[in-house]
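Dear colleague,

I am passing on the structure we spoke about, which is shown below. My notes on what I found in it follow, and I would be glad if you read them with the structure open beside you.

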Amino acid sequence: MIEIVVVLRVEDAVLDFLSVLLDPDPGGGPATVVLADRGTVLPLPADATPAERLALLAPHVRSGADDAASPGPDALADLVRRAADGRSARVWTHSPADNRRSRGRVGRDTAIACAGLAAAAGATATPLLTVRHAVGYSPFLQFVSDLDRPLGRAQVAAKLDFANDACAALLDTSSPEFVVQTPRIPAVERFFAADPGERERLFALLASLGDEAAAVADPWEFATSPYEARRLDTTAAWIRRHCPPDRGHLVEVGACEGALTSRLAADGFSVHATEPNPLFRARLATAQAGSGSVQVRSDDLAGLAKDGPAGAAYLLVEMLYYGQDLTLLDDLPTDLLFVALEPEALRTRLRPWLAASTAWRTVEETRLVAPRVEPVCGGRAYLSKRGSVGLVLRRAGA
């Protein structure tokens with residue numbers, strides 16, 4: 001058997017997988033490092049000392065200014081096949097939920113690659129064993145791991161020496177992806193195995209927008225989370241209290257898959273539900289197919305500000321996190337806005353804009369839901385949901 005460590009860049013092999021390189025599982029054998037950024041396979045001789053193994057890796061450290069990305073499942077499958085060279089193998093790679101998306105993508109793509117190799121091999125060839133993911137850098141999640149390896153003082157010293165010598169430039173880089181800091185140098189290396197569904201949910205959970213977040217249905221678990229159910233129910237009641245259904249239709253900006261939309265429709269509202277992402281929008285349209293009170297649109301905030309339908313109110317619920325130009329709100333064809341955000345985003349993003357705005361005045365501010373710590377992805381991890389604060393804004397002079 002061979003241990004194959006698949007990483008984005010060479011320093012990751014030492015920072016997250018040192019125990020695999022120097023002290024493999026019982027029954028393990030020589031280790032090989034696959035560098036996804038270079039398409040390189042680096043065998044580490046079984047008879048080499050720990051210092052000699054690390055010395056073989058050090059020349060491959062790159063600058064923090066050098067970009068790196070996953071080459072995709074097909075290329076990674078070729079690299080793993082080369083590294084295994086016909087032998088039974090245990091594959092170690094990044095977490096799909098590593099907060100550094102470049103690493104998360106390598107972790108996800110490596111697992112997909114290995115599943116494809118195993119399927120292609122069938123029952124007649126030597127299979128790859130379970131892929132294990134390092135917990136890695138995930139400041140927003142706490143993980144339930146399957147295997148924890150505390151490092152001894154000598155191993156920690158070796159890791160720090162590598163960081164200080166081979167990675168000296170990365171200690172001082174401005175790159176958030178590649179900077180080497182204390183939280184990225186674990187003294188306990190933690191690993192877990194994930195089935196395909198769990199892996200995809202972990203990957204989508206850390207995505208912010210786009211097709212990565214939409215890779216699975218309900219990536220933020222609105223349908224199963226007690227916190228999200230409470231937030232959505234409270235938000236719908238809050239809207240109903242200030243703007244009853246007989247006032248006219250609502251325009252929901254960024255409706256996602258329609259978790260709030262369905263509640264509003266059940267309350268008797270007519271809703272223009274807008275969602276620019278085609279995958280989310282398709283699920284939204286399917287969910288609302290039997291509703292005569294919901295119209296699904298593809299507009300984003302800029303499109304609505306330019307040519308959106310007039311509405312009794314526009315709803316911007318948990319969606320102003322992505323750098324949108326807040327001056328667009330002035331051009332929305334309504335005199336009433338419902339805005340909901342977590343408290344920190346409200347403080348740093350919305351309040352400064354409101355303080356300078358002459359177009360809107362605050363009618364009400366209320367806490368919709370308190371923070372809560374919840375498990376996600378079937379209990380593989382847990383995180384703090386940060387609470388939600390709602391503001392009712394009325395156009396000045398209206």
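Arg90 is buried, because its relative accessible area is 11%, which falls under the 20% cut-off for that class. Please keep in mind while reading that this is a predicted model. The side chain of Arg90 meets that of Glu3 in a salt bridge, with 2.9 Å from N to O. Arg90 belongs to strand E4 (residues 89–93) and Glu3 to strand E1 (residues 2–7), so the pair ties together parts that lie 87 residues apart in sequence. Glu3 also counts as buried, since its relative accessibility is 0%. This pair belongs to a structure that holds 30 salt bridges.

Other salt bridges involve a sheet, which I describe next. It is an open sheet of 3 strands in the order E6-E16-E15, and the pairing is antiparallel. Its edge strands, each pairing on one side only, are E6 (142–143) and E15 (372–376). Between E15 and strand E16 (residues 381–385) the antiparallel pairing runs over 5 bridges, and Arg372 stands opposite Lys385 of E16. Helix H8 (residues 226–242) lies across E15 and E16, and it runs at about 125 degrees to E15.

Which residue forms a salt bridge with Lys385 with the closest N and O atoms 3.2 Å apart? The partner is Glu228, and this pair links distant parts of the chain, with Glu228 in helix H8 and Lys385 in strand E16, 157 residues apart. Both Glu228 and Lys385 are buried. Lys385 also forms a salt bridge with Glu374, where the closest N and O atoms are 3.6 Å apart; here the pair links strand E16, which holds Lys385, with strand E15, which holds Glu374, across 11 residues. Glu374 is buried, as is Lys385. Through salt bridges that share partners, Glu228, Arg231, Arg372, Glu374 and Lys385 are joined into one network.

Finally, there is a surface feature to look at. Val144, Val373 and Tyr382 make a nonpolar surface patch of about 260 Å². Of these residues, Val144 lies in the loop between E6 and strand E7 (147–150), and Val144 is classed as partly exposed because its relative accessible area is 41%, a value between the limits of 20% for buried and 50% for exposed.

Technical notes: Residues numbered from 1 in each chain as written. Predicted model: local features only at pLDDT ≥ 70, side-chain atom pairs only at ≥ 80, totals over all residues. Heavy atoms only, no water. Pairing = 2+ DSSP bridges. Helix = DSSP H or I, 4+ residues; strand = E, 2+ residues; numbered from the N terminus. Contact = heavy atoms within 4.5 Å. Axes fitted to C-alpha atoms, helices over the stretch in contact; angles between N-to-C directions. Patch = residues over 30% accessible without salt bridge, like charges linked within 9 Å, V, L, I, M, F, W, Y side chains within 5 Å. Areas by Shrake-Rupley, 256 points an atom, 1.4 Å probe, with all protein chains shown as cover. Salt bridge = Lys/Arg side-chain N within 4 Å of Asp/Glu carboxyl O. Buried < 20%, exposed > 50% of the residue type's maximum accessible area, 1.4 Å probe, protein only.
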